[in-house]
Amino acid sequence: MGAIYRREMGAFFTSGIAYVFLAVFYFFSGYFFYNEVLASGYTDTSPVFQNMFKIVLFLIPILTMRLLSEEKKNRTDQGLLTAPVGLGEIVVGKYLAALTIYIIAESIIFVYAVILGYLGTVAWAALLGNYFAMLLLGAAFIAVGIFISSLTENQMTAAVFSMAVLFFLYLFGSTAEKVSKKWMYDIIKELSFYDRYVEFTQGVFNLTSVLFYLSTAFLFNFFTVRVLEKRRWS
Amino acid sequence: MIEVKNLSKRYGDKRAVNNISFKVEKGEILGFLGPNGAGKSTTMNMLTGYISSTSGQILINGTDVLEEPKKAKANIGYLPEIPPLYVDMTVDGYLNFVYDLKKCKLPRKAHLKDVCDLCKISDVRQRLIKNLSKGYKQRVGLAQALISNPPVLILDEPTVGLDPNQIIEIRSLIKKLGKRHTVILSSHILPEIQAVCDRIIIINKGVVAADGTADEIAKSITNEHKMTLRIEGPTHTASDKTLIADAIRALDGIKYVRADMEREKGIYDFDVETDGKTDVRRAINALCSENGWNILMLQLSDLTLEDIFMKITTGEQFAESEDSGKPKPRINLVFGSGENNKTEEAPAEAEDSAQEADEDNGGEQ
């Protein structure tokens with residue numbers, strides 16, 4: 001697992017994907033930070049996080065698109081699958097590498113906090129709550145992205161499909177308003193990534209939401225392992 | 001060391017590998033031979049646990065590949081058809097990655113240096129793999145398989161893309177490795193298999209078509225020896241033909257004589273087949289000197305590996321046995337006396353047998 005993690009981290013930087021991801025993430029978070037916080041004269045960073053949801057939606061597929069599709073295309077998966085490592089280790093190694101890049105990106109928020117510290121008082125509780133909300137969101141979405149990457153040999157297909165799926169997950173919550181049945185409304189609200197996320201950014205720490213994101217991450221990593229397993233049996 | 005029992009792989013309706021069984025002993029170099037699509041790579045992928053088998057069992061060092069994959073895989077070094085190289089890494093970075101991936105316990109620096117020296121890639125260790133030539137990539141792939149010193153090496157066409165010098169180097173390297181490792185290698189290049197391998201398995205259409213040394217396989221296919229003689233008779237006319245043919249046919253151990261065409265004016269060629277037990281050359285020589293005939297040429301035409309390969313894979317030899325539903329057209333004879341050096345004769349003989357085939361119509365019995 002360690003070997004795969006280290007290789008993927010190296011590959012993120014040699015392929016330039018890490019730089020693109022970080023640059024775009026920093027650009028938009030900086031833009032929202034300036035617009036919503038500095039220029040508006042608030043110290044509440046929640047609007048930054050709410051807006052970043054949409055950016056993350058399109059950025060995470062860039063991070064995950066090549067993780068498994070490229071292995072299959074270049075036949076390097078033969079090296080991995082015939083080495084004495086389990087499929088779980090392969091998937092988790094890659095997953096943690098992507099998550100690390102994501103955390104590096106997200107941690108820019110502490111730089112913003114320092115800037116805010118000069119101008120006023122930082123609402124640390126809210127900021128940390130937001131930070132963890134975004135972390136959980138990333139943890140879930142990266143697992144979805146890797147799962148989709150395992151389904152194809154083509155990076156672009158993986159990226160576009162992941163974007164579509166993540167965008168749908170974002171829109172999904174808003175369909176709740178359109179259904180007439182109460183129970184359907186409830187189910188959709190329960191499964192809405194965005195509603196749960198916004199709840200965090202408003203300062204509510206909901207344990208079921210934490211479990212919701214973590215179990216999504218776990219479930220999709222599990223699916224990915226199953227896809228790799230199935231490929232050997234077909 | 002490696003034991004394969006009734007191994008099958010089905011893709012939908014297509015049987016890629018059908019009920020293959022074989023054993024490889026420790027320190028043996030086994031050659032896998034077969035036309036494209038015969039199931040060589042599929043078998044190798046199953047041996048290494050890359051794909052699963054539909055049925056059957058694979059034991060590596062006594063460990064079942066499907067039941068204890070990690071333990072079995074730790075015993076195998078695998079060079080697939082396309083080396084699994086991460087092209088944007090340096091050779092050194094990649095080998096270190098493989099070292100970690102295989103959880104190798106040997107001292108890192110010394111072991112990697114040994115492997116690089118062995119594969120002759122020490123001078124490119126700091127270069128990016130994508131900038132290397134095909135030959136170097138292939139050797140990095142081989143180095144990758146050697147890391148952690150696995151007792152079993154499985155090499156799928158290891159010499160593809162190498163230049164003739166490198167091919168010779170790799171072959172001698174494989175021979176060297178065969179002393180400490182059990183090696184299975186596949187190839188299309190017949191002389192290569194013959195030069196390197198102790199034993200050959202010919203796979204055709206997913207079944208083992210032959211199993212044994214090159215000589216064993218050759219003998220079992222033909223069961224006799226063939227030779228071509230050119231004898232100058234007394235009269236230089238067509239009557240020589242029957243005269244000489246009859247005389248030879250009367251000798252002990254002769255199975256078949258056929259007078260061939262007139263190759264030189266008034267001189268005929270004779271195709272002779274023996275029963276494989278008697279060496280008739282001296283008898284024929286004596287016969288000729290008694291009668292005052294001159295032997296102008298004597299050429300042994302045992303089957304080469306090419307002939308065997310063609311015979312088996314085009315199916316002419318086994319068409320019958322496959323139809324009659326026998327389990328396997330399998331050959332496993334005990335190898336008798338030492339045979340002449342076939343590799344050297346191979347080109348000439350191949351030509352010869354082609355000629356024979358062309359001119360079959362011209363001859364008479």
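Predicted model: local features only at pLDDT ≥ 70, side-chain atom pairs only at ≥ 80, totals over all residues.

What about its length? Helix 3 covers residues 46-73 of chain A, which makes 28 residues. At 1.5 Å a residue it should span 40 Å, and its end C-alpha atoms are 41 Å apart, so the two values agree. After the helix comes A:R75, with a positive phi near 65°.

Now for a neighbor. A:S162 sits in helix 8 of chain A, which runs over residues 155-172. Is A:S162 buried or exposed? A residue counts as buried when 20 or more other C-beta atoms lie within 10 Å of its own; A:S162 has 26, so it is buried. Leaving out residues up to four places away in sequence, A:S162 touches A:P61, A:T64, A:M65, A:V144, A:G145 and A:I148. By their numbers, A:P61, A:T64 and A:M65 belong to helix 3. Here's a handy rule: an α-helix has 3.6 residues a turn, so residues three or four places apart point the same way. Looking along the chain instead, A:S162 and A:T175 are 13 residues apart, and their C-alpha atoms are separated by 20 Å.

The other three partners, A:V144, A:G145 and A:I148, fall within residues 124-149, the range of helix 7 of chain A. That takes us to the largest nonpolar core, which has 130 residues; A:L137, A:I142, A:A143 and B:A143 touch the most other members. Helix 7 of chain A gives the most to this core, with 15 residues.

Over in chain B, what does B:A143 touch, not counting residues up to four places away in sequence? Its partners are B:L95, B:V115, B:C116, B:C119 and B:I121. There is also a second, separate core of eleven residues, and B:I231, B:A259, B:F270 and B:V272 are among them. Across the 365 residues of chain B, 40% count as buried.

B:K120 has a positive phi near 55° although it is a residue other than glycine. With 17 other C-beta atoms within 10 Å, B:K120 is partly exposed. B:N19, in strand 2 of chain B, is another non-glycine residue with a positive phi, about 55°.

Finally, how do the two chains meet? The contact takes 18 residues from chain A and 22 from chain B. On the chain A side, helix 1 (2-14), helix 4 (77-81) and helix 11 (207-233) each supply at least two residues. Helix 1 gives the most, with five. That side of chain A divides into seven nonpolar, eight polar and three charged residues.

Terms used
Residues numbered from 1 in each chain as written. Chains lettered and ligands numbered in written order. Helix = DSSP H or I, 4+ residues; strand = E, 2+ residues; numbered from the N terminus. Expected span 1.5 Å × (residues − 1). Core = buried A, V, L, I, M, F, W, Y, C linked by C-beta atoms within 7 Å. Buried ≥ 20, exposed ≤ 12 C-beta atoms within 10 Å, placed from the backbone. Contact = placed C-beta atoms within 7 Å. Nonpolar A, V, L, I, M, F, W, Y, C, P; charged D, E, K, R; others polar.
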